Amino acid sequence: MQVAPFPAGPVVPRRTFTVAEERIGRLKQRIAQLIRPAHESSAKAARPPSSFVAVTALAWVSYVRSKHPAAISADQDVYLYFFFDIRGRLSIVPPVSESYFGTCVTGCLVKAKAGDLLAEDGIATAAAAVQGEVRRAVEDPLANWDWIALAASTLSRDTALVSISGSTRFPAYEVADFGWGPLGRTELVTMNSAGQVVLVAAKGGGGGVQASVCMHPDHMEAFDKHFTNSFD
């Protein structure tokens, strides 16, 4: 019997950013100030974003900016995909216990015009869009229950798609203790797709976030510059 080798794709470099809690706090405050004037009549829309929303929105905007205009035009649709944990959601009958150990997620897909994210207040536009999708998932967690099909439908948009995995609160450095002492570094080894972002709680806790990003070499430096400078 012959076994055909699995075709190897191109190796896409990654870069890992560790952001302290105080820098994330400044980013969240700036986003809230940008969102509020445009949504003065909506208390929900004016709420400060979570760390997940803020970092995810920034990664999305940085991705679009790094690929514009070479690979993404201002009038192009751009997408953000992330997972949503539906354990403990009361809108599911019967609800899934918070202690359920298996996979219990749904998919969330956000769409925007690249030009809106390239604008001066693009980070606020991105954050508001992500917040809206989170609210939708809270209200109707099963709307996108077939998240595998949803994810597959986005694959053809890889030049304009950011895929988020993990969570800013996932304690990767604590749960991966195998008795060999404190971890020096934890990474998702299967990352190899341009636009893939993995989030975990930073080493040592304290509210910081570790974000690992895969980008084509032509766009990595531009992504790095916009992402890191936006926290100050």
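These questions and answers concern a predicted model of a protein. Residues are numbered from 1 along each chain as its sequence is written, and side-chain values use heavy atoms, leaving out hydrogens and water. Local features need pLDDT of at least 70, side-chain atom pairs count only at pLDDT 80 or more, and totals for chains, interfaces and linings use all residues.

Me: What pLDDT does the protein average?
Reply: pLDDT is the predictor's confidence in each residue, from 0 to 100. In this protein 88% of the residues score at least 70. Over residues 39–43 the pLDDT is below 50. The average is 87.

Me: How many residues of α3 are buried?
Reply: Helices are DSSP runs of H or I, at least four residues, numbered from the N terminus. Buried means under 20% relative accessible area, with a 1.4 Å probe and protein chains only. Helix α3, residues 51–67, is mostly covered, and the number buried out of 17 is 16.

Me: How is α3 oriented to α5?
Reply: Axes are lines fitted to C-alpha atoms over the stretch in contact, and angles run from 0 to 180 degrees between N-to-C directions. The axes of α3 and α5 (residues 122–139) are 8 Å apart, at an angle of about 125°. Angles under 35 degrees count as roughly parallel, over 145 as roughly antiparallel, 65 to 115 as roughly perpendicular and the rest as oblique. Therefore α3 is to α5 oblique.

Me: Which residues of α5 make the contact with α3?
Reply: Contact means heavy atoms within 4.5 Å. From α3 come Val53, Ala54, Thr56, Ala57, Leu58, Trp60 and Val61. From α5 come Gly122, Ile123, Ala126, Ala127, Ala129, Val130 and Gln131.

How values were computed: Helix = DSSP H or I, 4+ residues; strand = E, 2+ residues; numbered from the N terminus. Expected span 1.5 Å × (residues − 1). Buried < 20%, exposed > 50% of the residue type's maximum accessible area, 1.4 Å probe, protein only.
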